[in-house]
Amino acid sequence: MVTKQLKGGPADEADLRRADSLAREIFSDVANKWAFLIIEMLGERTLRFSELRDEVEGISHKMLTQNLRMLERNGLVERTVYPTVPPRVEYTLTEPGQALRATVDGMCGWTHRYLGHIEVARHRFDA
């Protein structure tokens, strides 16, 4: 078993510059296109798995499952299972997930604002 050695405690764990920091691990988890899209969709309302899959175009069943588990593990998404047949499962953002959504919204706004600029730059680069 490998145990991670902490150098100085919580401050070191929050240091994105350190390769072994918890902050970098969390950043790596949530900074992917699927996590961003899931957070954006769940920010609107609570959704069932199939509803979420329909909202996030192009995501596979496997990718959605993996990302939902990761988001739940990090305390950003809450999974509620209702004792019905078949079981009904719903996903919603937690308070930290809602706070992260503000950042995701900012990224979406940035994308909309600079999309034309990026398209022009790509065209020049690829020419």
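## Overall shape

The chain has a radius of gyration of 18 Å, whereas a compact globule of 127 residues would have one near 14 Å. This radius is taken over C-alpha atoms, and the globule rule is 2.2 Å times the number of residues to the power 0.38. The C-alpha trace spans about 55 × 45 × 25 Å along the principal axes of the chain.

This is a predicted model, in which local features need pLDDT of at least 70 and side-chain atom pairs count only at pLDDT 80 or more, while totals for chains, interfaces and linings use all residues. Residues are numbered from 1 along each chain as its sequence is written, and side-chain values use heavy atoms, with hydrogens and water left out.

Of the 127 residues in the chain, 28% are buried (under 20% relative accessible area; exposed is over 50% and partly exposed lies in between, with a 1.4 Å probe and protein chains only). Among contacts (heavy atoms within 4.5 Å) with a separation of 6 or more, 42% are made by residues 24 or more positions apart.

## Order of the elements

The chain holds six helices and three strands. Both kinds of element are DSSP runs numbered from the N terminus: helices are H or I over at least four residues, and strands are E over at least two. Read from the N terminus, the order is α-α-α-β-α-α-β-β-α.

## The sheet

The three strands form an open sheet in the order β1-β3-β2, with antiparallel pairing. β1 and β2 are at the edges with a single partner strand each, so one side of each has no neighbour in the sheet. Helix α3 packs on the sheet and touches β1, β2 and β3, and its direction makes about 95° with that of β3. For such angles, axes are lines fitted to C-alpha atoms, for helices over the stretch in contact, and the angles run from 0 to 180 degrees between N-to-C directions.

Two strands count as paired if DSSP finds at least two bridges between them. Strand β1 (residues 47-48) pairs with β3 over two bridges in the antiparallel sense: Leu47 has Tyr91 as its bridge partner, and Arg48 stands opposite Glu90. Strand β2 (residues 77-82) is also antiparallel to β3, over six bridges. Glu78 faces Thr92 of β3, and a hairpin of five residues joins β2 to β3.

## Leu93 in strand β3

Leu93 belongs to strand β3. Leu93 counts as buried because its relative accessibility is 8%. Apart from neighbours within four places in sequence, Leu93 is in contact with Ile39, Leu42, Gly43, Leu76, Val77, Gln98 and Arg101. One of these, Val77, is 16 residues from Leu93 in sequence, and their C-alpha atoms are 4.5 Å apart.

In helix α2 (residues 22-30), the buried residues are Ala23, Asp29 and Val30. These residues lie on the same side of α2, because they cover an arc of only 125° around the axis. The arc is that of the directions from the helix axis to the C-beta atoms.

Helix α6 (residues 95-126) has a kink of about 60° centred on Tyr114. The bend at a residue is the angle between axes fitted to the seven residues ending there and the seven starting there. Gly97, Arg101 and Val104 are the buried residues of α6, and they pack against α3 (33-44) and β3 (88-93).
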